[in-house]
Amino acid sequence: MNTKLISDSAIAVINQYKNFQVGKAICSVPYYNNKVKGVRGGLRVEVGKGSPKEIYEEVKMILVKEKITDTEINSEQLKKILVDNNIGIDCSGFAYYILNEESKSRGKGSLDKHIHFIRATNIFAKFIVRFKPEANVDVLTFADNKNSEVISLEQVGCGDMITMTSSTNNGERNHILVINQIEYQNFKPVTLHYVHAVAWPTDGEYGHGIHEGKIEISDTNKNLTEQRWVENDKIGAENYTFARAQNSQTELRRLAFL
């Protein structure tokens, strides 16, 4: 069995979101859905696009305002502060920061140098995206043929994406996973490990955030949704991510410049 991993710097980004720490308190950064919250504009940290550092600085300001020190909060309280103040990361923001580090680790520079911002259709919009590229890359941008290409399971590599898109519901179910680890047997992928920011219906008010899962490949000639998906020890219909994949246009994609 041979295992390949995404770059160390990309792994570090995943861990910063998954094990977000303030003082001794540690929790997963919550999932943030801008469509649900209905917030437009604002700082990246206010719209589900904040970096770990920006989220940390925002939490520190909240603690100062509420006269709470780092040593006074535990992990449960930290998660509650994040959720109650609508601070979190959405799926495309999470993917952006991971893939940005992966791009830099491969000597390609930052992601914004390569991305075609498909929604920037006028001069003003193009000016805005220069200063907030993270906030202007959504799932449809990643899945656009100008930015990525569909690949086969046999071609899959770390840093590839699984995009789930739909044209029937205003994009509310669009979603993205990043493949961060692959196990090979006889030079063929047998297990894909992925990571994403998500809120399962079973997560409750404070349980959502960074999830990890795996896809066990039985036949590389079959579609992704014909493989065995495992997340939170759930398979089949109980696996919300798999159910979403079944009800979307689900594609395995690679950024065009990687």
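In this predicted model, helix H5 has 15 residues and spans 21 Å from its first C-alpha to its last, which is close to the 21 Å expected at 1.5 Å a residue. The helix is mostly covered, with 13 of its 15 residues buried.

One partner of H5 (residues 91-105) is helix H1 (residues 8-18), and the two pack at an angle of about 155° with their axes 7 Å apart. Because angles over 145 degrees count as roughly antiparallel, H1 and H5 are roughly antiparallel to each other. The crossing in which H1 passes H5 is right-handed. On the H1 side the contact is made by Ser 9, Ala 10, Val 13, Ile 14 and Tyr 17, while H5 contributes Phe 94, Tyr 97, Ile 98, Glu 101, Glu 102 and Ser 105. Sorted by class, this contact of H1 with H5 comprises seven nonpolar, two polar and two charged residues.

Backbone angles form the next topic. Most residues other than glycine have a negative phi. Asn 86, however, is a residue other than glycine with a positive phi, near 55°, and Asn 186, also not a glycine, has a positive phi of about 55°. Just after H5, Gly 107 likewise takes a positive phi, of about 75°.

| Residue | Phi | Loop | Relative accessibility |
|---|---|---|---|
| Asn 186 | about 55° | between strand E6 (175-185) and strand E7 (188-198) | 64% |

Is Met 161, by its relative accessible area, buried or exposed? Met 161, which lies in strand E5 (residues 161-165), has a relative accessible area of 0% and is therefore buried, since that term applies under 20%. Leaving aside neighbours within four places in sequence, the contacts of Met 161 include Leu 99, Ser 148, Ile 176 and Leu 177, together with Glu 251, Leu 252, Arg 253, Arg 254 and Leu 255. Phe 142 is also in contact with Met 161; these two residues are 19 residues apart in sequence, and their C-alpha atoms are 8.7 Å apart in space.

Technical notes: Residues numbered from 1 in each chain as written. Predicted model: local features only at pLDDT ≥ 70, side-chain atom pairs only at ≥ 80, totals over all residues. Heavy atoms only, no water. Axes fitted to C-alpha atoms, helices over the stretch in contact; angles between N-to-C directions. Helix = DSSP H or I, 4+ residues; strand = E, 2+ residues; numbered from the N terminus. Parallel < 35°, antiparallel > 145°, perpendicular 65-115°, else oblique. Left-handed = near helix turned anticlockwise from the far one by under 90°. Contact = heavy atoms within 4.5 Å. Nonpolar A, V, L, I, M, F, W, Y, C, P; charged D, E, K, R; others polar. Expected span 1.5 Å × (residues − 1). Buried < 20%, exposed > 50% of the residue type's maximum accessible area, 1.4 Å probe, protein only.
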